[in-house]
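Please find below some notes for a colleague who is looking at this model for the first time. They take up confidence, then a helix pair, then a sheet.

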Amino acid sequence: MQFHHHGYVSGDPRVQPAVGAGVARPAELPAQIDVLIVGSGPAGMLLAAQMSQFPQFTTRLIEKRDGRLALGQADGIQPRSVETFQAFGFADRITAEAYNIGWMNFWAPDPESPDRIVRTTRTEDYGLKISEFPHLIVNQARVLDYFAEAAANGPARIVPDYGVEFLGLEVGDDDVEVRVRTAEGERTVRAKYVVGCDGARSGVRQAIGRTHVGAAAQHAWGVMDVLVETDFPDWRIKCAINAAAGNILHIPREGGYLSRMYIDLGEVAEGDNHRVRQTPIEEIIRKANEILHPYAIDVKQVAWHSVYEVGHRVTDQFVDDLQNPRVFLTGDACHTHSAKAGQGMNVSMQDGFNLGWKLGHVLTGLASRDLLRTYDAERRPVAQQLIDFDREWSSLMARKPDEITDPDELATYYLATAEFPSGFGTRYAPSTLVSDAPAQELASGFPVGRRFQSVEVVRVCDGNRVHLGHHARADGRWRLYAFADADGAALRGWADAARGIVERFTPAGADLDSVFDAKVVYPGRWEDVTDVPALFRPQSGPLGLTDLEKVFAAAPSAWTSGDIFAERGIGAAGAVVVVRPDQYVAHVLPLTAPEELERFLSGAMRSPATSAAGVAASAGAASAVAASVGAASAGAASAGAGAGAVPVPVRHKRDPRA
């Protein structure tokens, strides 16, 4: 983590100096808003955390509830989500309190006594086989807490406006008129953009006339978070249990004692009219014990429970207007499915991550409004893939024993399809943001359109072994990773030309790395790296301090092993990998053709000199240099977060460490 480059910091370095809209932020909802987020679910809170890195304009988040979520329904955290938490700065902390899924066991009827279950398969979970990030279980409420902290600690100081109910909206030529209800009564606010993160019964979706497409399966499940005494031997291991009496998906939860159980309640009768949702908790527990025979659970406390019918729906369109979008839908507002694949919260957060930086770039003038068209084009296909996957997984989970011909089929499917549920299967199609003609053979291990998969390298300035991708934060910046050629000649030529390209797309007066974070990786030993182009050693902040942490080497020293060049298919000619602010690879280019970088960026971005907005991009807190930011906020940006400069928020009351 880097800090001090805007002056000495004696307080918590995660609390960035307030800038722009974060300075003297009004408590009351303003009449004019740039981005209005409706709903404080996973997508909404991630979006708020991302928008807090763009303090040049006003973002507000309204939530009907009176306060923070106390107990969330979602709890599965896929490896891609943990990678995203890393970008927002809290992966280590949330991992420490979460349950780490190391194994998944499968149970089935005993062939000798079919009314009893026996363990048939023990499989290592896919989490750490796919990436360096684990597969976790943690209460959704805690995920929201961490994003709330990131939003409040960001330069825009975004905090939810609780107790504000969305009533409706009208889309105009220049903005969106939104009706809300507060404790003082109804009022109207105007926003340039509105994002509906308000769940499956989304009022925003209804207001723009979009509809869910799909249907509910005639199958019901009870779900409960419970504290129990039991003789079931795998109580602290994730299990898929298939029995003559039905099915259970059992998931241990954080804290060492709590577990979640999805209990098969069977087919829903024709004309039930949702009466199954009234199934009492006593019946759900009885059914669980019937399935678990010869084992049993003695439920001491039920923290939460519900009954749902499996449904698979995707909204016909994720925006109000495909050509000129002003209203966007995320998460359950535009895709709903079962909970058993552990996808809802994870895919919702990626909706918010995809959209956030795009709104930031458009509002700060770094891109035209055409960029916003890519949200629906990129995220709607992912939602459809999710529905297709969940339908298959739910069907396999709900089978009766006499419908199973291969007892290992579920385990095989679980492992064979792991890339998609882990969050790493997404591949965006060619567009202005994803090249349709990359020099992919130069870096075959960084597929264009897929997320940038990190590898360990050696940081040259201090010899430490670090993950290259972990250095990137969710600060709205693009990443340029230059992998040097064998003798460095092509790299030097590319870096000289690329500096001019970077300067073209960087606002006047801003740091060289305020829009593009350029890093270099050399193929030789880190001890031998000496002559580094200035592009990779930029001066940062008002003190003009040289950033030494953008230069890396791949070759192992006595205590390291591995080579990023070999692992990612990068040859002696080197390569340039362009990565979007949401961590997806946008292009792979040769070092010998810097003009191709300029051509690609010209399609995705606008030069500030020709931008109608004429304002700068935010590079996190301190390097935000915008025309709309006055002298007072600029002073706050350069003052650092020293003692007394920025108040440290009180720890959340529900933090288990409190």
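**Notes on the predicted model**

1. The protein chain has a mean pLDDT of 87, and 88% of its residues reach 70 or more, where pLDDT is the predictor's confidence in each residue, from 0 to 100. This is a predicted model, in which local features need pLDDT of at least 70 and side-chain atom pairs count only at pLDDT 80 or more, while totals for chains, interfaces and linings use all residues. Residues are numbered from 1 along each chain as its sequence is written, and side-chain values use heavy atoms, with hydrogens and water left out.

2. Over residues 611–658 pLDDT stays under 50, and for this stretch the model has 115 contacts beyond four places in sequence (contact means heavy atoms within 4.5 Å).

3. Helix α11 (residues 489–504) packs with helix α13 (residues 594–604) at an angle of about 20 degrees, their axes lying 9 Å apart. α11 is therefore roughly parallel to α13, a term that covers angles under 35 degrees. On the α11 side the contact is made by Trp494, Ala497, Ala498, Ile501 and Arg504, and on the α13 side by Pro594, Leu597, Glu598, Leu601 and Ser602. By class, this contact has seven nonpolar, one polar and two charged residues.

4. Three strands form an open sheet in the order β3-β7-β4, with antiparallel pairing (two strands pair if DSSP finds at least two bridges between them). β3 (76–77) and β4 (99–100) are the edge strands, each pairing on one side only. β4 is joined by two bridges to strand β7 (residues 136–137), where Leu136 is the bridge partner of Asn100.

How values were computed: Axes are lines fitted to C-alpha atoms, for helices over the stretch in contact, and angles run from 0 to 180 degrees between N-to-C directions. Helices (H or I, at least four residues) and strands (E, at least two) are DSSP runs, numbered from the N terminus. Angles under 35 degrees count as roughly parallel, over 145 as roughly antiparallel, 65 to 115 as roughly perpendicular and the rest as oblique. Ala, Val, Leu, Ile, Met, Phe, Trp, Tyr, Cys and Pro count as nonpolar, Asp, Glu, Lys and Arg as charged, and the others, Gly among them, as polar.
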